[in-house]
Amino acid sequence: MILRSLSSGSPDDIGRAVKPLRSQAFEFDGYWDRPARPAGAGGAVDTTWKAEAAMPISVNPPLVAPERLAGAGKILFIAHLALGDFTYLQSCFRAFAEAYPHIEVHLWVDERRRTRRKSAWAHLQKYALYDWLAECPFIAKVYNQTYSPALFKASLAEAQRQDYPLVVSLAVLERHKYALMARKISPHGFVVGQKKRVRSYDLPKHLCYRKLDACIPAYTAASHPEQHISDIYAGWFTQLFGMQIAPAARYPVLDIGAPWLRYAHEQFAAWGFRGAAQGSGNASGPVVFVNAFSKSVERSWPLERVIGLIRTMRCAPAWRDAGFVVNVVPEELARARALFAAQGLAHTHLFSAEDNFFQLPAILSLCDLVISVETAVMHLANAVHVPVIALMRQKNPEWVPIDRANSTIITAEGRDDWVDRIGVQDVMAVLEQRAERAHTSDPA
């Protein structure tokens with residue numbers, strides 16, 4: 001994947017340390033201009049599936065033989081899915097369902113935050129991914145009750161009763177444990193899983209991996225240089241089933257229903273953003289969506305940094321009249337409300353998809369710019385075709401947003417630096433260069 005530096009230099013200079021301020025900023029080849037919506041769309045995003053059909057091809061040989069697929073009525077995939085994972089894996093599941101319509105696709109979503117603490121269950125059972133999966137016509141059954149030990153045990157027993165002829169583990173953490181779990185679910189079926197190299201003396205892991213009938217080698221960024229995560233996922237399905245998923249079919253797709261788009265328009269009107277009757281309490285400029293939250297602290301930004309960014313952006317003419325939507329995870333909403341209430345930031349509103357996952361992409365689809373840390377929001381911005389500035393560490397380059405034309409990546413300077421090493425001025429430098437390019441292309 002070729003990146004073009006936002007600083008001076010050519011694409012060939014990418015190997016050198018390019019350091020605008022304390023971080024490195026790169027933009028994919030392309031433009032910031034947001035794709036125009038179809039006439040009469042009324043703000044709706046065109047979510048028509050345009051990808052090429054994915055059909056089985058001959059490879060030498062696929063891990064799951066064609067005759068096994070021909071005789072199977074259902075298949076279970078096991079994964080510890082985050083929203084970002086499913087953003088790209090969905091194309092693989094869809095392609096499989098289209099290629100093998102006689103096979104029901106079942107999906108086990110393993111909750112790695114599983115706990116005995118009852119206080120955590122209410123949050124875990126409302127995981128936004130479940131709303132998305134419920135709307136996927138190509139997935140027939142989802143195991144989503146795995147967040148407590150008792151529910152995990154009950155789900156395991158239910159899966160065992162299904163007597164699956166095919167089980168595939170796509171887990172990339174603690175792979176050996178998921179190999180053991182897959183075999184426990186299907187004692188007599190054909191079981192495939194991810195496998196990592198094991199030291200010769202680590203007998204327990206060797207015994208776990210012996211439960212597999214076939215395996216997919218573990219991937220690392222070093223073993224797949226310049227490959228996007230969508231390419232890696234598509235490669236798994238080629239190895240597994242001998243099927244080819246065309247590059248165009250790997251882009252994320254979101255079918256945002258009309259009720260959720262209506263919700264987003266009503267919310268924008270309530271916030272006084274464009275489209276509402278203009279007044280002293282309304283924002284007439286662009287709308288910026290800012291997300292500082294990730295599941296892990298090393299990929300997150302402090303909310304105080306978000307406040308600083310909004311204040312600094314407001315000092316620039318292009319953003320003086322902008323509206324801001326600040327995304328907050330439900331469990332942090334009370335703290336965020338208290339913090340922002342004391343700041344007196346005009347045209348700034350907190351948002352959390354508390355009722356349904358589709359609230360998030362619906363709101364994103366109406367924004368003009370998304371600024372997000374290294375999490376699913378930056379990929380969802382690509383899915384709804386909104387320009388995104390992604391704040392990332394250096395460790396996982398395969399997880400950059402896939403849409404080159406509408407994505408700018410700011411990476412932390414040090415190999416081991418967390419995302420919070422990226423400062424407000426790093427983001428402002430990118431925004432200033434964006435404004436310069438816009439002025440150059442349209443001097444009028």
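A nonpolar core here means a set of buried Ala, Val, Leu, Ile, Met, Phe, Trp, Tyr and Cys residues joined through side-chain atoms within 4.5 Å, where buried means under 20% relative accessible area with a 1.4 Å probe, protein chains only. This is a predicted model, so local features need pLDDT of at least 70 and side-chain atom pairs count only at pLDDT 80 or more, while totals for chains, interfaces and linings use all residues. Residues are numbered from 1 along each chain as its sequence is written, and side-chain values use heavy atoms, leaving out hydrogens and water.

Start by selecting Phe237 and Phe241: of the 85 residues in the largest nonpolar core, these two touch the most other members. (Helices are DSSP runs of H or I, at least four residues; strands are runs of E, at least two; both are numbered from the N terminus.)

Zoom in on Phe241. Leaving aside residues up to four places away in sequence, what does Phe241 touch? Its contacts (heavy atoms within 4.5 Å) are Pro62, Val64, Leu69, Ile75, Phe77, Phe96, Tyr100 and Val168.

Next, colour the open sheet: 6 strands, ordered β5-β4-β3-β6-β7-β8, with parallel pairing. Two strands pair if DSSP finds at least two bridges between them. β5 (141-143) and β8 (214-217) are the edges; each has a single partner strand, so one side of each has no neighbour in the sheet.

Last stop: β6 (residues 166-169) and β7 (residues 190-195), parallel and joined by 3 bridges. Look for Val168, which sits opposite Val192 in β7.

Terms used: Buried < 20%, exposed > 50% of the residue type's maximum accessible area, 1.4 Å probe, protein only.
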